[in-house]
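Visitor: I should like to understand the terms used for this model and the values behind them. Please set each value against its definition.

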Amino acid sequence: MFELSQDHEDFRASVRDFAEREVEPHVAQWDKDHHLPLEVVHRMGDLGLFGLVVPERWGGSAETDDGVVQSDFTALCVAIEELGRIDQSIGITLSAGVGLGINPILTYGTDEQRDRWLPDLVAGRALAGFGLTEPDAGSDAGGTRTTATRDGDEWVINGAKSFITNSGTDITSLVTVTARTGTTAEGRAQISAIIVPSGTPGFTVEEPYDKLGWHISDTHGLSFDGCRVPADHIVGEEGQGFRQFLKTLDDGRIAISALATGLTQRMLELATDYARTRTSFGRPIGANQGVSFQISDLAVMAETSRVLTYKAAWLKDEADRGRRSAREVARAASIAKLYTSEAAVSATRIATQVFGGNGFMEEYPVARFYRDAKILEIGEGTSEVQRMVIARHLGLPV
């Protein structure tokens with residue numbers, strides 16, 4: 001059965017130290033200023049956090065065995081959890097930077113594409129985004145309206161993308177976008193994935209969103225108007241973008257589970273500490289069953305979230321080694337993502353209630369986590385989509 005190794009626990013301690021020392025003292029101000037500190041991204045690169053699933057050839061730390069990458073997705077989840085425990089925006093910057101920026105090129109790209117883009121992404125010198133969601137195509141990714149038309153040795157891209165993470169920083173080097181490149185024999189849209197380098201004429205990064213939460217995270221809409229890129233910028237085979245992004249989302253759902261687990265763990269810690277020290281009617285509020293039972297529920301949520309997340313991560317690593325099936329990973333990913341994201345939203349509500357009026361004040365971190373939690377039930381597939389996926393795995397005709 002799966003378990004975290006001592007190496008993973010030692011790694012957890014080092015990431016936790018980094019997060020508490022270099023992120024936590026500044027995160028309230030960064031959140032207030034809606035500022036992503038790129039020096040922290042560079043430092044995360046120095047620590048090797050972007051390269052945990054990338055072979056040494058491109059600057060990562062993943063080993064190879066007979067040419068098969070022995071990636072450590074579990075270690076990536078450990079890092080995301082520990083960063084997310086301190087701040088969700090910093091956690092999603094790593095999660096999206098690897099899962100949506102690096103992973104499509106690493107998994108489906110050519111060696112030439114990997115040689116060109118991965119070293120800077122792995123080192124934290126650059127970030128990349130993944131343009132899937134559109135104004136009218138989110139969960140219904142098959143409804144993609146962005147088009148890419150072949151014109152000689154180039155693709156001409158027209159359309160728009162929404163809510164794209166890491167797409168507009170000063171170090172963003174590219175966005176991989178999904179686009180319709182034709183129609184299948186059955187009349188469905190043929191979707192392909194194409195790399196669009198930052199600064200390409202016709203590629204516009206819109207103003208940043210004014211978001212409820214994730215204030216530190218970089219998020220923009222994108223537009224493409226006659227945007228031309230070389231034909232060799234297609235990622236994988238033409239028409240396989242839909243299949244590729246489904247696999248990418250499976251991995252991303254596990255990463256979001258790790259992010260949610262970090263949040264729930266933090267709510268448990270903050271609520272427990274507050275209930276021990278805050279007094280009312282002459283005794284700590286934690287002496288009241290109404291409070292202590294709620295905090296006990298937080299402990300159950302945190303523990304269950306961690307078990308589901310790391311089971312899914314273990315299955316992902318085992319599948320990469322050929323010992324588990326992709327179907328098992330997809331099922332575990334949806335179960336983990338559904339439970340952990342909904343638990344995280346509940347955990348912030350409970351912790352805010354424990355803090356009472358103080359929980360409504362921005363000077364207390366529970367308020368920031370409360371704002372940040374809701375998107376966990378939406379990104380990488382909504383809770384409704386996860387229930388649909390799980391039902392299909394159960395053989396139900398949905």
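This is a predicted model: local features need pLDDT of at least 70, side-chain atom pairs count only at pLDDT 80 or more; totals for chains, interfaces and linings use all residues.

Guide: Helices are DSSP runs of H or I with at least four residues, strands are DSSP runs of E with at least two, and both are numbered from the N terminus. On that basis the protein has eleven helices and twelve strands.

Visitor: Why is the protein called as compact as a globular protein of its length?

Guide: The radius of gyration is taken over C-alpha atoms, and the globule rule is 2.2 Å times the number of residues to the power 0.38. For 398 residues the rule gives 21 Å and the protein has 21 Å, so it is as compact as a globular protein of that length. Along the principal axes, its C-alpha trace spans about 80 × 45 × 45 Å.

Visitor: How do you know that the length of helix α8 agrees with its number of residues?

Guide: The expected span of a helix is 1.5 Å times one less than its number of residues. Helix α8 (residues 289–320) has 32 residues and should span 46 Å; its end C-alpha atoms are 46 Å apart, so the two values agree. After α8 comes glycine 322, with a positive phi near 80°.

Visitor: What makes phenylalanine 163 exposed?

Guide: A residue is buried under 20% relative accessible area, exposed over 50%, and partly exposed in between, with a 1.4 Å probe and protein chains only. Phenylalanine 163 has 55% relative accessibility and therefore counts as exposed. This residue belongs to strand β5 (residues 154–165). Although phenylalanine 163 is not a glycine, its phi is positive, about 60°.

Visitor: What makes such a phi worth noting?

Guide: Most residues other than glycine have a negative phi. A further positive value in a residue other than glycine is that of phenylalanine 281, near 55°. Phenylalanine 281 sits in the loop between β11 (279–280) and β12 (283–284), and its relative accessible area of 85% makes it exposed.

Visitor: Why is helix α10 called mostly covered?

Guide: Seven of the nine residues of α10 (residues 365–373) are buried, so the helix is mostly covered. Among the buried ones are Val366, Phe369 and Asp372. Where contact means heavy atoms within 4.5 Å, the buried residues of α10 pack against α2 (27–33), α4 (73–86), α5 (88–108), α7 (241–277) and α9 (326–355). Over the whole protein, 55% of the 398 residues count as buried.

Visitor: How do you know that serine 334 is buried?

Guide: The relative accessible area of serine 334 is 0%, and the residue is therefore buried. Serine 334 lies in helix α9. Apart from neighbours within four places in sequence, serine 334 is in contact with Arg253, Gln386, Val389 and Ile390.

Visitor: What makes glutamine 265 buried, and what does it touch?

Guide: Glutamine 265 has a relative accessible area of 15%, so it is buried. This residue is part of helix α7 and touches Ala302 and Arg306, with residues up to four places away in sequence not counted.

Visitor: How much of the contact count comes from residues 24 or more positions apart?

Guide: Such residues account for 73% of the contacts in the protein with a separation of 6 or more.

Methods. Residues are numbered from 1 along each chain as its sequence is written. Side-chain values use heavy atoms; hydrogens and water are left out.
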